[in-house]
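Subject: A structure for you to explore

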Amino acid sequence: MRVKKMNERKIFWGLFLIIAGITLGLSSFGVIEWGFWCFFLPRFWPVLLIALGIFIISGRNRFSLGLVLLIIAGTVVAGIWLWDNHDCKKRGKHFISGEEMLALPTGIDVANLELAFGAGSLRMGGNNERRLEIMYSGDISGPEIKSNFRENKAEYLVKQTSGSFPRFSSEILNGEWNVRLPRSVAWDLDLELGATGADLDFREIDLKSLDLEIGAGNITIRLGERGMETRLSIDAGASRVKVIVPDSMELDIELDGGLVSSNLEDQGLTRKGNHYVTEDVSSSRMTLNFSGGASRFELERHPPSIQS
């Protein structure tokens with residue numbers, strides 16, 4: 001009998017450690033949000049103590065072990081349901097919003113922006129001001145910004161920060177940034193995006209180059225008729241990338257990667273090896289190199305007046 005109780009005790013603690021390890025592993029990989037445990041434990045720890053008490057009082061037999069596991073599983077399911085319908089998931093207690101306004105010194109007509117954005121929603125566009133504007137909201141601590149000016153060139157390094165680890169909130173995934181670039185300068189952009197949805201509207205920006213690295217996301221890029229050559233380089237993971245351009249723009253698009261699908265021939269481009277080109281010559285020209293894994297690249301060509 002004593003040996004039997006010892007075996008049942010080992011089974012209980014063994015199962016407890018296995019479940020705890022699996023749970024923490026799922027949280028570390030983002031399957032279960034860390035914020036869930038901050039929501040769950042303060043509300044349901046008495047139920048867990050009751051379940052443990054039942055197991056001890058009932059003699060630690062197999063029936064009580066099954067009952068305790070059933071109570072714990074039911075409690076976790078109830079916690080998940082409440083978490084999915086609770087306001088703190090939609091707007092965490094650490095939710096903040098703010099803006100950064102970085103004025104351009106006199107004489108600057110060329111700028112470089114390196115931006116690292118881990119997760120969330122990103123929008124970029126132009127403004128009529130002589131300043132770089134970054135508006136942000138979500139459970140993030142705001143952007144970390146470094147700047148340097150030399151002669152006629154400005155250089156900016158902007159990174160998304162999230163405070164301490166582990167992140168006991170899910171709102172980093174719901175963070176939103178709106179970045180506005182001055183139209184009065186020519187831009188070279190280097191963007192590193194993680195799990196991101198992004199709308200990059202450069203129709204009114206003098207965009208010289210864009211180097212874009214994407215983990216997994218849904219990205220839309222809009223270019224305008226600016227009378228200049230723009231170079232794009234896109235390295236995508238499991239992403240969908242759409243580029244919208246004026247139908248008068250000259251195009252030279254190179255696709256690398258065996259799993260990349262596209263609609264380039266449907267948009268009237270001629271295939272020459274890995275390159276897809278337009279036959280017409282224009283003062284506005286885009287060269288693009290797209291490489292990726294299981295990615296989808298889409299091109300839309302419209303008259304400038306109806307781009308959306």
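Let's start with a term: a polar contact is a pair of N or O atoms within 3.5 Å; within protein, one of them must be able to donate a hydrogen and the other to accept it, and residues adjacent in sequence count only if both atoms are side-chain atoms. In this predicted model, the side chains of aspartate 188 and serine 209 are joined by such a contact, 2.6 Å in length.

Two notes on how to read my numbers. Residues are counted from 1 along each chain as its sequence is written, and side-chain values use heavy atoms, with hydrogens and water left out. Since you are looking at a predicted model, local features need pLDDT of at least 70 and side-chain atom pairs count only at pLDDT 80 or more, while totals for chains, interfaces and linings use all residues.

**The whole protein**

The protein has 4 helices and 16 strands; these are DSSP runs numbered from the N terminus, with helices (H or I) of at least four residues and strands (E) of at least two. Of its 308 residues, 40% count as buried. Buried means under 20% relative accessible area, exposed means over 50%, and partly exposed is in between (1.4 Å probe, protein chains only).

**Around aspartate 188**

Where does aspartate 188 sit? You will find it in strand E7, which covers residues 186-202. Its relative accessibility is 16%, so aspartate 188 counts as buried. Leaving out residues up to four places away in sequence, aspartate 188 touches Ala111, Asn112, Leu113, Lys208 and Ser209.

Aspartate 188 also forms a salt bridge with lysine 208, with 3.7 Å between the closest N and O atoms. Lysine 208 belongs to strand E8 (residues 206-223) and aspartate 188 to strand E7, so this pair ties together parts that are 20 residues apart in sequence. A salt bridge here is a side-chain nitrogen of Lys or Arg within 4 Å of a carboxyl oxygen of Asp or Glu. Lysine 208 is partly exposed, with a relative accessible area of 33%.

**Other salt bridges**

How many salt bridges does a search of the whole structure find? The search gives 13. One of them joins the side chains of aspartate 199 and arginine 222, at 2.5 Å from N to O. Aspartate 199 is in strand E7 and arginine 222 in strand E8, so the two tie together parts that are 23 residues apart in sequence. Aspartate 199 is partly exposed at 26%, whereas arginine 222 is buried at 13%.

The side chains of glutamate 155 and arginine 150 meet in a salt bridge as well, at 3.1 Å from N to O. Both partners are partly exposed: glutamate 155 has a relative accessible area of 22%, and arginine 150 has 48%. Look as well for Glu229, Glu250, Asp252 and Arg285, which are linked in a network of salt bridges.

**Where to be careful**

The pLDDT (the predictor's confidence in each residue, from 0 to 100) averages 80 for the protein, and 73% of the residues score at least 70. Over residues 87-93 it stays under 50, and the model has 12 contacts beyond four places in sequence for them. Residues 163-173 are also below 50, with 30 contacts in the model beyond near neighbours in sequence. Where pLDDT is low, the predicted coordinates should not be read in detail.

Enjoy exploring!

How values were computed. Contact means heavy atoms within 4.5 Å.
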